[in-house]
Amino acid sequence: VELMAKRRCRKKLNDRLYMLWSVVPKISKMDRTSILGDAIHYLRELLQRNNDLHNERESTPPGSSLQFSTISFQPLTPTPQILCAG
């Protein structure tokens with residue numbers, strides 16, 4: 001029973017790694033460590049870009065040429081989650 005649970009966990013983890021590989025634009029290698037590291041790097045870039053846009057929106061005076069009326073940017077911070085409990 002424990003062996004089957006570990007296999008399911010590995011399969012789930014591999015499926016999620018493949019999903020990460022499919023959405024992260026730059027993956028250096030196809031091993032778990034590289035996929036996770038590249039995904040973390042990419043997410044940090046996205047968070048920084050989001051926070052930069054939020055700061056730019058906050059510092060833009062009303063009525064300026066930049067219009068953000070249809071987009072709402074909020075500053076984000078990463079939160080860790082457990083991939084596979086065991």
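Residues are numbered from 1 along each chain as its sequence is written, and side-chain values use heavy atoms, with hydrogens and water left out. Because the model is predicted, local features need pLDDT of at least 70 and side-chain atom pairs count only at pLDDT 80 or more, whereas totals for chains, interfaces and linings use all residues.

The protein chain contains 2 helices and 0 strands. Helices (H or I, at least four residues) and strands (E, at least two) are DSSP runs, numbered from the N terminus. Buried residues account for 15% of the 86 residues in the chain. A residue is called buried under 20% relative accessible area, exposed over 50%, and partly exposed in between, with a 1.4 Å probe and protein chains only. Contact means heavy atoms within 4.5 Å. Among contacts between residues at least 6 apart in sequence, 21% join residues at least 24 apart.

Helix α2 covers residues 32-59, which is 28 residues. The expected span of a helix is 1.5 Å times one less than its number of residues. For α2 this gives 40 Å, and the end C-alpha atoms are 40 Å apart, so the two values agree. At the N-terminal end, α2 is capped by Asp31, which has a side-chain oxygen 3.2 Å from the backbone nitrogen of Thr33. For such polar contacts, a pair of N or O atoms must lie within 3.5 Å; within protein, one must be able to donate a hydrogen and the other to accept it, and residues adjacent in sequence count only if both atoms are side-chain atoms. Thr33 itself belongs to helix α2 and counts as exposed because its relative accessibility is 63%. Between Thr33 and Leu17 there are 10.0 Å in space, C-alpha to C-alpha, and the two are 16 residues apart in sequence.

The buried residues of α2 are Ser34, Ile35, Asp38, Ala39, Leu47, Asn50, Asn51 and His54. These buried residues pack against α1 (2-23). Ser34, in helix α2, is classed as buried because its relative accessible area is 13%. With residues up to four places away in sequence not counted, Ser34 touches Ser28 and Lys29. Lys29 is placed in the loop between α1 and α2, and at 53% relative accessibility Lys29 counts as exposed.

Side chains of opposite charge can pair when their charged atoms come close. A salt bridge is a side-chain nitrogen of Lys or Arg within 4 Å of a carboxyl oxygen of Asp or Glu. In the whole structure, 2 salt bridges are found. One joins Glu2 and Lys6, with the closest N and O atoms 3.4 Å apart. Both Glu2 and Lys6 are in helix α1, 4 residues apart, or about one turn of the helix. Glu2 is exposed because its relative accessible area is 56%, whereas Lys6, at 45%, is partly exposed. Another salt bridge joins Lys11 and Asp15, where the closest N and O atoms are 3.0 Å apart. Lys11 and Asp15 also lie in helix α1, 4 residues apart, about one turn of the helix. Asp15 is partly exposed, with a relative accessible area of 36%. An α-helix has 3.6 residues a turn, so residues three or four places apart point the same way.

The accessible surface of the chain comes to about 7,400 Å², and 59% of this belongs to carbon and sulfur atoms. Accessible areas come from the Shrake-Rupley method with a 1.4 Å probe; for residues, only the protein chains shown count as cover. Tyr18, Trp21 and Met30 make a nonpolar surface patch of about 350 Å². Patches are made of residues with over 30% relative accessible area and no salt bridge; like charges are joined within 9 Å, and nonpolar side chains (Val, Leu, Ile, Met, Phe, Trp, Tyr) within 5 Å. Met30 lies in the loop between α1 and α2 and is exposed, with a relative accessible area of 53%.
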